[in-house]
Amino acid sequence: MTVEHPPSPKGSSAAGGGTVSTRDGGPPQAFQNPGLPAHRHRMADTDPTAAKRAERQVVALFALSALGTVIAMVAYFAFQLEGDLASIQASTLGIGLGMALSLFALGAGAVHWAKTLMPDAEVAEERHAIRGSDETRAAAVEILGTGAEESGIGRRPLIRNSLLGALALFPLPGVILLRDLGPLPGDVLTHTLWDEGVRLTRDPTGTPIKASEVTLGSVYHVIPEGLDEVSHPLEEKAKAAVLLIRMDRADMQENDPARQDWDVDGIYAYSKICTHVGCPVALYEQQTHHLLCPCHQSTFDVTQYCKVIFGPAKRALPQLPIAVDDEGYLVAQSDFNEPVGPSYWERGER
Ligand code: FES
């Protein structure tokens with residue numbers, strides 16, 4: 001696009017303007033510097049009543065921010081996590097809305113303060129080297145001091161105090177959220193709901209399983225009986241989930257004398273929680289008796305007590321010793337033979 005400029009004497013520029021070269025290398029042309037538009041005063045600059053109103057609005061926004069922080073903290077305690085989705089959603093929504101209100105009102109108050117009450121002057125600054133001279137740096141410190149002075153933070157104690165109050169309250173939700181880091185897990189990682197005599201039931205119906213119902217080659221997803229009666233069923237299920245597999249005992253490649261009575265006529269029970277990072281190991285290859293974890297393809301061989309034969313997992317799946325009760329239902333003999341799921345530092349000490 002070609003821009004027409006008024007002609008000017010060669011090598012000169014008009015007062016308040018500059019020179020530009022044409023694209024074809026012709027003589028430079030002058031252009032008029034349009035300058036800054038006339039300064040318009042804000043209402044708060046000329047009307048003390050408007051300034052007072054703006055001050056009240058800023059205070060109200062900072063107070064709103066403090067209220068949002070309090071709401072976030074109250075929501076944290078009011079909506080206890082019960083282990084179900086509804087309580088998690090209520091807690092997350094309450095804390096999130098409180099924090100959002102707190103941050104938004106804090107930002108809006110600061111912007112409103114700057115736009116209505118702080119000095120409204122256009123300032124031109126010359127370019128300079130990146131590191132300023134000592135004089136410039138001293139001048140910068142002076143400017144900062146002037147800025148602090150002009151912001152009126154000393155003259156408007158109500159704004160200053162409400163801002164300090166909002167800022168002081170704002171980190172508190174982060175502090176109380178640290179409470180969720182405790183208490184220490186104790187032995188919850190080493191034990192599951194399985195215990196002597198606990199029946200194996202179908203997931204998710206919870207109906208008990210008779211040994212006679214488990215046909216050769218079949219696989220059941222299993223949970224312990226009474227899971228829906230505990231206080232944190234999802235957490236307990238995440239540890240206690242079991243895969244029940246029936247195969248011909250003659251297919252076993254390993255025979256550990258210590259595990260001779262841990263199965264019922266070739267019905268084996270193994271933890272469904274991958275020992276890599278805890279995905280459910282739910283894919284069973286009936287022909288090879290391999291269990292596959294879909295997350296990173298760790299493969300466990302049931303004929304070798306679920307030893308890892310491929311993938312990043314480092315430990316075999318823990319086995320659940322099982323038996324049959326008087327009514328023919330499958331029951332656990334005890335808890336798993338070792339902690340389920342991914343490894344952790346203290347696992348070997350328990
Ligand atoms: Fe199973 Fe990674 S979680 S292989």
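In what order do the four strands of the open sheet with β3 stand? I looked this up to start. The order is β3-β4-β5-β6, and the pairing is antiparallel. I note that the model is a predicted one.

**Entry 1: the sheet from β3 to β6**

I checked the edges next. β3 (200-202) and β6 each have a single partner strand, so one side of each is left without a neighbour in the sheet. From one strand to the next, the twist averages 40 degrees.

Then I went through the pairs. β3 and β4 run antiparallel and are joined by three bridges. Here T201 stands opposite I223 in β4. Five bridges link β5 and β6, also in the antiparallel sense.

Is β6 covered or open? I found it mostly covered, with five of its five residues buried. I sorted these residues by direction. I267, A269 and S271 point one way, while Y268 and Y270 point the other way. Residues on both sides are buried.

**Entry 2: the cores**

I turned to the largest nonpolar core, which has 36 residues. Which of them touch the most other members? They are L200, V242, L244, A269, Y270, L320 and I322. I then listed the elements that give two or more residues to this core: β4 (219-224), β5 (242-246), β6 (267-271) and β12 (330-332).

Leaving out residues up to four places away in sequence, L320 touches W194, V242, A269, Y270, S271, A332 and F336. Another core lies apart from the largest one. This other core has eleven residues, including V58, F62, A105 and W113. I keep a general remark beside this entry: in soluble globular proteins, nonpolar side chains tend to be buried together.

**Entry 3: helix α2**

α2 covers residues 48-78, which is 31 residues. At 1.5 Å a residue it should span 45 Å. The C-alpha atoms at its ends are 44 Å apart, which agrees.

**Entry 4**

I found another open sheet of four strands, in the order β7-β8-β9-β10. Its pairing is antiparallel. The edge strands are β7 (283-285) and β10, and each pairs on one side only. The twist averages 35 degrees from one strand to the next.

I looked closely at β9 (residues 299-301) and β10 (residues 307-310). They pair in the antiparallel sense over three bridges. T299 stands opposite F310, and D301 stands opposite K307. How many residues lie between β9 and β10 in their hairpin? I found five. In the turn, Y305 has a positive phi of about 55 degrees.

**Entry 4: the domains**

The protein is divided into domain 1 (1-31), domain 2 (43-181) and domain 3 (200-344). I looked up the spacing of two of them. The C-alpha centres of domain 2 and domain 3 lie 55 Å apart.

How values were computed. Residues numbered from 1 in each chain as written. Predicted model: local features only at pLDDT ≥ 70, side-chain atom pairs only at ≥ 80, totals over all residues. Expected span 1.5 Å × (residues − 1). Domains from an automatic or database assignment. Core = buried A, V, L, I, M, F, W, Y, C linked by C-beta atoms within 7 Å. Buried ≥ 20, exposed ≤ 12 C-beta atoms within 10 Å, placed from the backbone. Contact = placed C-beta atoms within 7 Å. Pairing = 2+ DSSP bridges. Axes fitted to C-alpha atoms, helices over the stretch in contact; angles between N-to-C directions.
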